[in-house]
Amino acid sequence: MPVFTRLRRPTRTTGPARTTEPPRTAEENPRGEGHPPPPPPPEEETEARRGEETSKKPALRTLRTRCARLRAEHPRAARAARWTLHGLSAALIVGALLLPNTAGALRPNRFTRIPAEAIIGAVLLLALPRRPRIVAAALYGAGIAVLTVLNVLDIGFNEYLGRGFNVVLDWGLLDDAQHYVEDSMGGATATAAAVGAVLLALLLVVVTALAAVRLSGLLDRHRARAARGALIAGTVWITCAALGVQISGVPVASDRAAAALKVQGKRVRDTLRDEAAFEKVARTDPFAGTPSDQLLPGLRGKDVLITFIESYGRTALEDPVIAPGVTGTLDAGTESLAEAGFAARSGWLTSSTYGGSSWLGHSTALSGLWIDNQQRYRTATASDRLTLTKAFGKSGAWDTVGIMPGVQKGWPEAEWYGLDTVYDAFGMGYRGPKFSWSTMPDQYALEAFQRLEHGRKREGDKNLMAEIILTSSHQPWAPLPEMVGWDELGDGSVFGPIQKAGKEPGALMTDATKSRQEYGRSVEYSVTALTQWLERYGTEDTVLVFLGDHQPIARVSGLRASRDVPVTIVAKDPAVLDQVADWNWTEGLRPDRDAPVWRMDAFRDRFLKAYGSVPHPAGD
């Protein structure tokens, strides 16, 4: 019989298989094949990993399990919550896309429109796969939030400065706004407002991005219906745009967000172009080469005071609520000054700024340049432009002084203005209370000027030229100082009870009527302090030029108000006013409605020429 050998399968072993090949190195065998498994980790490391896993995964699983259980136990409530979130997300996105950039346009009919940007966004999200769709939705929502922040800034800037927010130039003004709130309402309020604004902006970006992602998921789950809805909405939008369909006077078809982006882009483009163009203008000065003996010969021997009254605008003389008190004060001042031997002529200047940024108005009037933004201001103050105040100093016939109660930190611009001596908020010996933003009442600042400069004997044969800034009429116009006896001023402590009895700033900020009333009272106070000072201390050789730097904010002056401010020259010597007779200004402290109106940047050249200065451009 043949012998059959039974073949058996090799038996599986638990240990490593034997081999005649030499063991491989770690580089040749990176996976460790053919070698025993690595030893178990130390017991401490194992326990740490277990603790980490039990602290993360089970917590997430527990949370998800609870949410799923709640949804299963309360399906109707879960469905209602889900659709409520959908609705709030849609309302947030649409509302942000339709938000106007002016306070006057914040009306319900502005939010009953169809935004083209929402339709286009839905179509784009439907066309993307999952991951790119989530990223695109988050960026879309964040972009809408940033645009909303810019619209809110536009609203604030239009209310206070009569213009929109410039993303290139205006970030520094936000710091000034915080200091203003700090001076008006205290450091704690200012800090809380600043922190709250930043947190709110960040929260808006996050929430709007999450809302867009949520809506993108909803569109994806209902693709067919979402596509049909986008097609219908697009058709309706095009039809309404073509036919000009309106609801309550507002077009149904809206491209508000696209228009806002276009406006912001234009501002950026115009700002970048303006920088180079303005630099060339600033270098062209018809008086740059005028010899010192040909500067202001018509005012030699006179003490000249150029005084800016904060927020003293045309509204103060023409608004039916404000004007009666202010015009009465001006008329009374005209009469009392006439009795003291003074005469006056008044006209109008159109300021380069509105509602704030006083330094733009000051620099425009004194430099002959139209300085309406911070970039132009930096360019101008870095140039060799001959300011009106510097012209007095360059002539060699005047000492130049600045009375600056609003300056509370370093002020390098003093050199550009050509001021030999500057008295800031801390240099006039005032020990009384602040009146909101204003560091001291105008009456005290004028008395300090008399004590420190105007009333003392000057060395040689020089006269005095002073630039004086009166700040008591600065917003928020509460509390307000009151006139006291000039001999009672002392170090200003006399104003303590007056400040305590005054109104709180917060009481005016939300009440337009009260703001107008108190603004009028503040202008009356500033004009009264100035005219009384002139009656008390003015001489045959005193020449006073006083003007407003800008109109008050829109809440007081009204929407679309002019930028005109009054300007007045007062003197005892008839020859001083005779030299400006061809200006056709109104007699007295109050300009007529139809008195000449010039741009503020024309004042320097007209003033220099009227008083005998001879133009000589540089190099002539």
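Contact here means heavy atoms within 4.5 Å, and N166 touches R267 and T271 once residues up to four places away in sequence are left aside. Welcome to a short tour of this predicted model, in which local features need pLDDT of at least 70 and side-chain atom pairs count only at pLDDT 80 or more, while totals for chains, interfaces and linings use all residues. Residues are numbered from 1 along each chain as its sequence is written, and side-chain values use heavy atoms, with hydrogens and water left out.

**Around N166**

- You will find N166 in the loop between α4 and α5 (171–185); helices (H or I, at least four residues) and strands (E, at least two) are DSSP runs, numbered from the N terminus.
- N166 counts as buried because its relative accessibility is 11%, where buried means under 20% relative accessible area, exposed over 50% and partly exposed in between (1.4 Å probe, protein chains only).
- N166 and R267 are 101 residues apart along the chain, yet their C-alpha atoms are separated by 6.6 Å.

**Helices α2 and α4**

- Helix α2 (residues 75–98) packs with helix α4 (residues 130–161) at an angle of about 45°, and their axes are 9 Å apart. That angle makes α2 oblique to α4.
- Axes are lines fitted to C-alpha atoms, for helices over the stretch in contact, and angles run from 0 to 180 degrees between N-to-C directions. Angles under 35 degrees count as roughly parallel, over 145 as roughly antiparallel, 65 to 115 as roughly perpendicular and the rest as oblique.
- The crossing of α2 past α4 is left-handed, meaning that the near helix is turned anticlockwise from the far one by less than a right angle (clockwise would be right-handed).
- On the α2 side, I93, A96 and L97 meet Y140, I144 and T148 of α4. By class, this contact of α2 with α4 has five nonpolar residues, one polar and no charged.
- For those classes, Ala, Val, Leu, Ile, Met, Phe, Trp, Tyr, Cys and Pro count as nonpolar, Asp, Glu, Lys and Arg as charged, and the others, Gly among them, as polar.

**Aromatic pairs**

- Rings of Phe, Tyr and Trp (its six-membered ring) pair if their centres lie within 6.5 Å; planes under 30 degrees apart count as stacked, over 60 as edge-to-face and the rest as tilted. By this rule the count comes to 16 aromatic pairs.
- One of these is the edge-to-face pair of W416 and Y417, at 5.0 Å centre to centre with 65° between the planes. W416 counts as buried at 4% relative accessibility, and Y417 does at 2%.
- W583 and W598 also pair edge-to-face, at 5.0 Å centre to centre and 85° between the planes. This pair links distant parts of the chain, 15 residues apart, with W583 in the loop between α20 (574–578) and β12 (586–587) and W598 in strand β13 (residues 597–599). Both W583 and W598 are buried.
- F449, W486, W533 and Y537 make up one aromatic cluster.

**Backbone details**

- The loop between β9 (463–470) and α16 (496–501) holds P476, and the peptide bond from Q475 to P476 is cis, with omega near 15°.
- P479 lies in the loop between β9 and α16, and the peptide bond from A478 to P479 is cis, with omega near -10°.
- W477, also placed in the loop between β9 and α16, has a positive phi of about 65° although it is not a glycine. With 2% relative accessibility, W477 counts as buried.
- S311 sits in the loop between β5 (303–309) and α9 (315–318). Its phi is near 60°, a positive value in a residue other than glycine, and S311 counts as buried at 3% relative accessibility.
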